[in-house]
Amino acid sequence: EINNINSRKSDLLNIENNVTFNPIWGGRTSKILMEIEQKYKNKAKKIIKLDGLTMEFSDYWFNVRPSNTEPLIRLNVEAINKQLLDQKLKEIKECLQ
């Protein structure tokens, strides 16, 4: 178990995904981030809303944010193992569909 996820980032596997979104999402981006926060907030150890939405958990973390220059939502996920990374990546991407 990772007690302090920030102090052990080198132990985490990471992936960055750019999810292209429809221009009509533009006005819905805030709502989408709120929905993701609601889904994960009960298990989150830390929630940061400085640059999009970052949520930290004991064995993974993610950041979801709209791009400032392209019609993309950027999704960064790091986890302690490949299986968890793949699971969380799939799960969070489904929230963006």
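Guide: The account below begins with the chain and then turns to its helices.

This is a predicted model, in which local features need pLDDT of at least 70 and side-chain atom pairs count only at pLDDT 80 or more, while totals for chains, interfaces and linings use all residues. Residues are numbered from 1 along each chain as its sequence is written, and side-chain values use heavy atoms, with hydrogens and water left out.

The chain has 2 helices and 5 strands; helices (H or I, at least four residues) and strands (E, at least two) are DSSP runs, numbered from the N terminus. Read from the N terminus, the order of elements is β-α-β-β-β-β-α. Of the 97 residues in the chain, 42% are buried, where buried means under 20% relative accessible area, exposed over 50%, and partly exposed in between (1.4 Å probe, protein chains only).

The part to examine is the pair of helices. The axes of helix α1 (residues 29–40) and α2 come within 10 Å and cross at roughly 140 degrees; axes are lines fitted to C-alpha atoms, for helices over the stretch in contact, and angles run from 0 to 180 degrees between N-to-C directions. The angle therefore makes α1 oblique to α2, since angles under 35 degrees count as roughly parallel, over 145 as roughly antiparallel, 65 to 115 as roughly perpendicular and the rest as oblique. Ile32, Ile36, Lys39 and Tyr40 of α1 make the contact with Glu91, Ile92, Cys95 and Leu96 of α2, contact meaning heavy atoms within 4.5 Å.

On the α2 side, Glu91 belongs to the helix spanning residues 82–96. Setting aside neighbours within four places in sequence, Glu91 is in contact with Lys39 and Tyr40. The Glu91 side chain also makes a polar contact with the side chain of Lys88, at 3.3 Å; a polar contact is a pair of N or O atoms within 3.5 Å, and within protein one must be able to donate a hydrogen and the other to accept it, with residues adjacent in sequence counting only if both atoms are side-chain atoms.

Helix α1 also holds Leu33, which counts as buried because its relative accessibility is 16%. Not counting residues up to four places away in sequence, Leu33 touches Gly52, Leu53, Val64 and Pro66. Leu33 and Leu53 are 20 residues apart in sequence, and their C-alpha atoms are 6.6 Å apart in space.
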